[in-house]
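Hi everyone, thanks for coming. Please have a look at the structure on the screen, and I'll walk you through a few parts of it.

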Amino acid sequence: MHAHIVLAHPEPRSFNAHLARVAQRALAAQGWTVSLSDLYGMDFDPCERAEHYTGRQQPERFDVQAEQRRASDNGTIPAAVADEITRLDRADLLILQYPMWWHLPPAMLKGWLDRVLIYGEVYTSKKRFEHGRFLGRRAMISVTVGTGPDTYAFDGRSGDIDLLLWPVNFSLAYVGYSVLAPFVAYGVEAGLRYSDASVVEARLKRIEADLGAQLGRLGERPIIPFNRMAEWGADGRIVPGAPVHSAFIRRKQQLDLG
């Protein structure tokens, strides 16, 4: 089994970088091979640009989707993107390791999604969800957040963690992955503000041990349900009688009933 970790943090000595190494060691101890894309360390360009594409279909106007599809069809996908796709194709498990910044992933990771999940090669209207390129593979978010789990409850002041992570999880499901329940490292920033270094160390050690333990039980980890293509009608909405696998709808129902 092979795992690929995508790390999105600009500081190589950060706790996120440390958790990426923890994951590498934990998986390797179980017999996995593990590769890593350190996006900042690689100087990955997160911005989709016209200059990434040669012999463009429309030189006068940069149509991102059209140029992605043309590059996919012609075998001219930008080298940095093609290399990342090769790493994803090899991996049975993808882990995205990043901090929550302004309730979103860092721009570097969003740009990686924009460029690597390329139209044509990775997805089309007929190649998504249960027909996606990465069908049969698993993916998991591992994210650090600043405060405790109570503030990330559905009624918490930091925002509902399920809703905050939904866009990235949905994107992973869109390209075929079975999306595992995320690993959330709570209270990282709060812990770092303690003046007592021993308190900080104990908090971070618990998170580190928890991640290693949870990666040792991947087979027991819940899979987040997402609706499949067959469950949507011609209008793009869920057909009557189909289950509703949307965190947003479930939360709305929860609030309405509450």
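At the start of helix α2, a side-chain oxygen of D63 comes to within 3.3 Å of the backbone nitrogen of Q65. Before I go on, a word on the source: this is a predicted model, where local features need pLDDT of at least 70, side-chain atom pairs count only at pLDDT 80 or more, and totals for chains, interfaces and linings use all residues. Residues are numbered from 1 along each chain as its sequence is written, and side-chain values use heavy atoms, with hydrogens and water left out.

Back to α2, which covers residues 64–74. Helices here are DSSP runs of H or I with at least four residues, strands are runs of E with at least two, and both are numbered from the N terminus. Which residues of α2 are buried? They are A66, E67, Q68, A71 and S72. By buried I mean under 20% relative accessible area; exposed is over 50%, and partly exposed is in between, using a 1.4 Å probe and protein chains only. An α-helix has 3.6 residues a turn, so residues three or four places apart point the same way. The buried residues of α2 pack against α4, residues 107–116. Just after α2, G75 takes a positive phi of about 70°.

Now please find H4, in strand β1, residues 2–7. Is H4 buried or exposed? Its relative accessible area is 0%, so H4 is buried. The H4 side chain makes a polar contact with the side chain of S37, at 3.0 Å. A polar contact is a pair of N or O atoms within 3.5 Å; within protein, one must be able to donate a hydrogen and the other to accept it, and residues adjacent in sequence count only if both atoms are side-chain atoms. Leaving aside residues up to four places away in sequence, H4 also touches others, including E84, R87 and L94; contact means heavy atoms within 4.5 Å.

Next, A213, in helix α7, residues 197–215. A213 has a relative accessible area of 33%, so this residue is partly exposed. The C-alpha atoms of A213 and A23 are 9.8 Å from each other, although the two residues are 190 residues apart along the chain.

Finally, the whole chain. There are eight helices and six strands in the protein chain. Of its 258 residues, 45% are buried. Along the principal axes, the C-alpha trace spans about 60 × 45 × 35 Å.
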